[in-house]
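Look over the sequence and the fold, then read on.

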Amino acid sequence: MLAPRSLPSRLAVLSCIWSLCLAQFEYLGYPPGYPEPMEDQYTEPQIPANVPRIQLRLAGEKRKHNEGRLEVFYEGQWGTVCDDDFNIHAAQVVCRELGYSEAVSWHPSAKYGKGEGRIWFDNVHCTGKEKTLAQCDSNGIGVSDCKHTEDVGVVCSDKRIPGFRFLSPLANNIDVSALGAANLNIQVEDVRIRPILASYRKRIPVTEGYVEVKDGGKWKQICDEEWNSMNSRVICGMFGFPGEKRYNTRVYKMFARRRMPSYWDYSVNCTGNEAHLSSCKLGHSLSAKGNNSCGQGIPVVVSCVPGRAFAPTPMAGYRKAFRQEQPLVRLRGGGVVGEGRVEVLKNGEWGTICDDHWNLVSATVVCRELGFGTAKEALSGGQLGQGMGPVHMNEVQCTGFEKSITECQFNMDKDSEGCSHEEDAGVRCNIPAMGFQQRLRLSGGRNPFEGRVEVLVERNGSLVWGTVCSEGWGTMEAMVVCRQLGLGFARNAFQFGDGPFLFQHGCTPVHKASSIQTWISEVGVEELDWPAQSPDLNLIEHLWDELEETWYWPGEVKADAVMMSGIRCAGTEMSLSHCLHHGEHVSCPKGGARHAAGVSCSETAPDLVLNPQVVEQTTYLEDRPMFMLQCAYEENCLASTSSSTPASSARRLLRFSSQIHNNGQSDFRPKASRESWVWHDCHRHYHSMEVFTHYDLLSLNGSKVAEGHKASFCLEDSECDEGIEKRYECANFGEQGITVGCWDTYRHDIDCQWVDITDVKPGDYIFQIVINPNYEVAESDYTNNVVKCKSRYDGHRIWMYNCHIELGPRELGDMSTFTLRN
C-alpha cells in the first residue's frame, strides 16, 4: 500500500523540482510581444549652461539602425569617440541620448569602420546617469592621443523611449541648419503608415496612407513639398515592401482640406538605398512656416507594392503585386520568414556568397529581389548555418538599385577561392506586419518558448481563445506555430494523451511506456516511494489513467475548448490558419484542455546533410550466405523473399557507407529519451531512432524495385571539424546525437547498411537515400535530406555515378515561392 505521507511528500518534492525547472530557463528572457513593465514617459533633459552642446549619431558599415560607430557633432563638424576606458555605462548614456531605451553592448577597435575628422572624446568615464555624453568625465573635448582604428561603436536596444523628441535646438543651442548640412541622421520615436481611405483601413498589410513620425510623444505628418520617390522607396522598404507605386493624389488633397494636418518640423533626405528612415538625413527646418503651413503641399502619402507572399488575392483588388522574375536566389536555414543564408543559382548548381564586404546595401538587394523589404541585418560568418556546394560570389558590391544580387559587381578570382562555408553570408529582411502573432499564443509554459497552443478565432460574432486538437499534430505543424510567433524552429511537438511524455520526472521528461509494468521498470518503484516488494497495482493503474489526462501546461481555463482540429501543414505556411483544417466543423473526440496540442520552440536547429561523394565511392556488391544473415533477417534488413531462402544460399547486397554531417546551429538529438531506446543485437548497441533513413532502389520512373529499407540508427560523432570535440558516443549506453561541425559515419561493412537486390533484374536504376524521412526531429532545412545516384546493374557488377543532393520539399520558412491562401 502507498504510505500515508507519500503523496504530500512527493508533492513537496515536485514543487521544489518545478522551481528548479523554472530557474533553468530564466536566462532565455522574453521574446518580442511579451508584456514588459511600462516605462516612464520621456522628459526633456535639463542640461547645465556650462556643459558643451553636442549632437550624436550612429554611423558605419554592416550595421542595423540601432547600432554603429559613435559620432559626435561639435563646433560645426563631426568626429568620433576613442574606445579607451569606454564601458557599458557610457554606452547607456549614449543610447538614451539618442532616444533608445537602453544599451545592449559596445565594441572597440573600429568594428563599424574607421571614422573621419576629430576624435572629440577620449578616456570617457560615465556613471550611466548623465543626461548627455558631454557630462561624463574625459580628457576634455578634443583632447585625445587615439587613432581612428580605436573608434568606439555601440549597440542600443531597438525599443524607443516613449515621448522622445528628436531635436531640441533651444535646449542644445545648436544651429539646426548647420546640422542638416552636416548630414544628421534622423532619430524619431516611431514611424508608421496610417491608412486614410476607407478601402485601405481594413487591409492587411497596410500598404497605403500618410507617412507619420512620432516625435515628442505626438504623431505628425511630413510636408510633401521636398518629398521624392527615393524617400518613398525607403519607407516602403522598412515596412517590408519591395517597391512603391503611384496613387490618386486628388483624393488625398480633398482629405487634407477637410482636416488640418499637424506637420513635423523637418523635411527628409534619402538616397533610396537606406535600409531604414534613421539612416536618412535631416532636411530643412519647416518650423518658420508655422505648424499648420506646408505651402502648396499636403501630407506625404506612400503606396507600397507587397511581395507575392503577402499580397491579397487578385479578387481583393491587387492586379500588379510584386513577382519574382526568375528564381536565381533563395534563403536557407532561417528560423522565421525573411531570414536565411543567401544562396544563388549558377550553371545549374546552388552555391553561397562569401561575406567579404557584405553589407546592408547588398543584403537589401537580396531582400527586395525575394519580395521582402529592406534588410535589417547583413549577417556574416555562417551565422545561419553553413551551406553546401561552391561559393559562387565574393566581395559583392551593389549600388542598391539592382533587380538581382546577380547584377552586382563581385570578385571570384583565384585569391577569392580561400572562402569557405564558415564565411557564408546571410540576411534578415523587413517583412510586412500581418498581425499573425496576435492570433496565436503559447500558454502555461515554463518560459515563453513553450506551452499549450491557443488560437484566437471568431465564433458567433466575437473573438475567443481556444485550444488545438492534438490528433495528427507533428513537427510540421509545430514549425508553423514557432515561425508564426517569431520563436524560430520547433524543438518538440506535443500530443497529449498519446504524446511524447506525460509529466516531468525531476527536470527530465518521462516518456509514456507501452504498459504499466514497463513504466514501473523505467521509473523505478523506489523513485515513486512504493514498497518494492508488493506495489499496489490497482493504485498504479489508477495513477496510470490519471497520468494520461495530466497536462503540466495548464493554460487558460477559459480557453480549454477546441477551436481548431484536423490541422495538416506543409511546413511553409506563415500562419496556422493557412494550413488545411476542419474550419468551423471541429472534430476532436478527446477534446482540448489536457489533450490539447503543445510545442516547444528554439532559436536554432540542426541541419543534417549526407555526403553524396562517400556514397558513390564506397558502393559495391556482396553475395552473403543466409546462415551469416540470421541477425539481419530477424531485424527485417532483408527483402521479404529471404524468408524462403535456404540457409546455404546467398543474398545479393548493395553495400555502401553513409556519412551524415550536421551543418546547422545546434546539435541533432533523437526525439526519444534514453528509456525508450531499442537494443539491436546486430550492432551491439542501442538505437535511438527506429526510422532514421530510407534506402531505396528505384526504376527510372520512380517506382521501387527493391523494398525500401527503413534503417534505424545509433547516432554518434565519428569525426569532427578541426577544433570541435566529440560529444556523443554509442558505446556503454552513452548519450546519442551529432554535434554541430561533426559527422556520423555508418560504414559499408556494418550489418543492415545495405539494400537487398537479390530479386532485381539488370538495368538502369536510381539509388535514393532519405535522412530523417518522417521529420521526427526538426531541422532548419529539409531540402538537403535526399541524395540520389544514377546506377547501372549488369547482373554481376554495379556502377554508381552522378550522386548529388536532390532538391526535396521546400524549406521551412522559405516564403519566396509561397502565396497566401484566403
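## Salt bridges

Asp749 counts as partly exposed because its relative accessibility is 42%; the class lies between buried (under 20% relative accessible area) and exposed (over 50%), using a 1.4 Å probe and protein chains only. Its partner in a salt bridge is Arg747. Arg747 is also partly exposed, with a relative accessible area of 43%.

A salt bridge here means a side-chain nitrogen of Lys or Arg within 4 Å of a carboxyl oxygen of Asp or Glu. The model is predicted: local features need pLDDT of at least 70, side-chain atom pairs count only at pLDDT 80 or more, and totals for chains, interfaces and linings use all residues. Residues are numbered from 1 along each chain as its sequence is written, and side-chain values use heavy atoms, with hydrogens and water left out.

The whole structure holds 26 salt bridges. Three of them are listed here.

| Pair | Closest N and O atoms |
|---|---|
| Glu71 and Arg57 | 2.7 Å |
| Arg452 and Asp560 | 2.9 Å |
| Asp749 and Arg747 | 3.1 Å |

Glu71 and Arg57 form a salt bridge. The pair links distant parts of the chain, 14 residues apart: Glu71 lies in strand E2 (residues 67-74), Arg57 in strand E1 (residues 55-59). Strands are DSSP runs of at least two residues, helices (H or I) of at least four, numbered from the N terminus. Both Glu71 and Arg57 are buried.

Arg452 pairs with Asp560. These two are 108 residues apart, with Arg452 in strand E21 (residues 450-459) and Asp560 in the loop between helix H11 (537-547) and strand E26 (562-564). Arg452 is buried, at 0% relative accessibility. Asp560 is partly exposed, at 24%.
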